[in-house]
Structure formats: structure tokens, C-alpha cells
Amino acid sequence: MTRARTLGLAMALVLLAAATAAAQVPIRVRGSIAKVSGQTLTIASRDNSTVEVRLAANAGVTAVVPAALSDIKAGQFVGIAALPGADGTFRAQEVLIFPEAARGTGEGHYPWDLAPGSTMTNGTVDVVVERVEGPILTLKHKDGSVKIEVPTDVPIVTFAPGDRSMIQPGAHVFIPGQQQSDGVVTAGRILIGKDGLIPPM
């Protein structure tokens, strides 16, 4: 194969990879199930739109269940959506306590889309400073640490085993997926609030 043909093939592969990436955009769907049709769900999104989600045949189901502020202990791995404060400390919007088997999931500190300007920090609780208005947690992650205030009224949840019987109209969901070029979202996992709970993440 000539050098020109080799370069041409390499460029074609790069363009193909770019096109494939462009055709699949990461998306997080929040809302409630309006309709179930086989593997396709119609989600009434929180922004008053509807989203079609096509679940993989082997899609996993995770239940989201309530937890309490008192359940947060040093050494636990948690995920906290938060908004930055003027003093550099973050204020939690929600807290997810990961089961030990899920330790390390999505570790880091990065932008999140729960609200404009929000972030997600998945890390280990290193320091807990107790206060009447709610603790200040220091989370350590692979790239550093973040201090986050957790008000007493913030939703706190954890994960529990779920099953496909939970995929019913009216159920509140959080679905991380990929949006295809035709607008349909594909997903390999669905998180469903148990007993009417709204996943806060």
C-alpha cells in the first residue's frame, strides 16, 4: 500500500470516528414515564417536552430509594450535585450515597446539568464538620478535594436493586443515555424512583 493510500485510509477512519461521535451525544433524561411500548419509553421530561428512549434488550434497572443525612459517614463514596458559592465552597443540591459495590463510579469533579452552573463531585467523604444548619463535607477525588455544604433539607438517596416490573407509566426516572441523530435516546440503564420518589440527581 502506498503512503498516499495509507494516509487516505487513516483520514477516512478519523472522519468516520468523528461522524460516529457526532451522531451520539451524551444526554441525561429526567422526568416520568408517560408510555411503555416494548423497549421504547416515552418520557414526559421536566422541561415539559417528551423524549423517546429506546432501552437495550439487557438494560439494567436500578431503584433510587431515600436515605438520611445521618447516613453520611466519613469514608463513604458519594456523589453530590452542587452550586458554587462566592467563597469557593459549594452548596449541595442533592446527595447520592453509593453502595460500596459502586465505589469509584464517575469519580471526579465536573460540570453537571441539574441547574445552570451546577457541578457533580463523586468522591470519598474525608472530613465531616457538623453544624446545626447541615454539615460541611470535604470530598476527596482522584484530582483533588472539594468542600460542600449540605443543608438539612437537601434530598439524600441511595441505590437499591430494581427490576423491569418498575418500568411503568407514572414512574419517575433518571436515564443516562446517548442521543442519536434521529432524536431518539438509547440507554443501557434506567434509574427509577421507588414508591413515587423523584430521583434528585
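The model is predicted, with local features needing pLDDT of at least 70 and side-chain atom pairs pLDDT 80 or more, while totals for chains, interfaces and linings use all residues. Residues are numbered from 1 along each chain as its sequence is written, and side-chain values use heavy atoms, without hydrogens and water.

Rings of Phe, Tyr and Trp (its six-membered ring) pair if their centres lie within 6.5 Å; planes under 30 degrees apart are stacked, over 60 edge-to-face, the rest tilted. The count by this rule is four aromatic pairs, including these:

| Pair | Centre distance | Plane angle | Class |
|---|---|---|---|
| Phe77 and Phe98 | 5.4 Å | 50° | tilted |
| Trp112 and Phe174 | 6.4 Å | 25° | stacked |

Phe77 and Phe98 are both buried, and together with Phe159 they form one aromatic cluster. Trp112, at 14% relative accessibility, is also buried. The charged end of Arg28 sits over the Trp112 ring, 3.8 Å from its centre (CZ of Arg or NZ of Lys within 6 Å of the ring centre and within 35 degrees of the ring normal).

Glu149 belongs to strand E9 (strands are DSSP runs of E, at least two residues, numbered from the N terminus). Glu149 is buried, because its relative accessibility is 19%. Its contacts (heavy atoms within 4.5 Å) include Arg131, Pro135 and Ile136, leaving aside residues up to four places away in sequence.

Methods: Helices (H or I, at least four residues) and strands (E, at least two) are DSSP runs, numbered from the N terminus. Buried means under 20% relative accessible area, exposed over 50%, partly exposed in between (1.4 Å probe, protein chains only).
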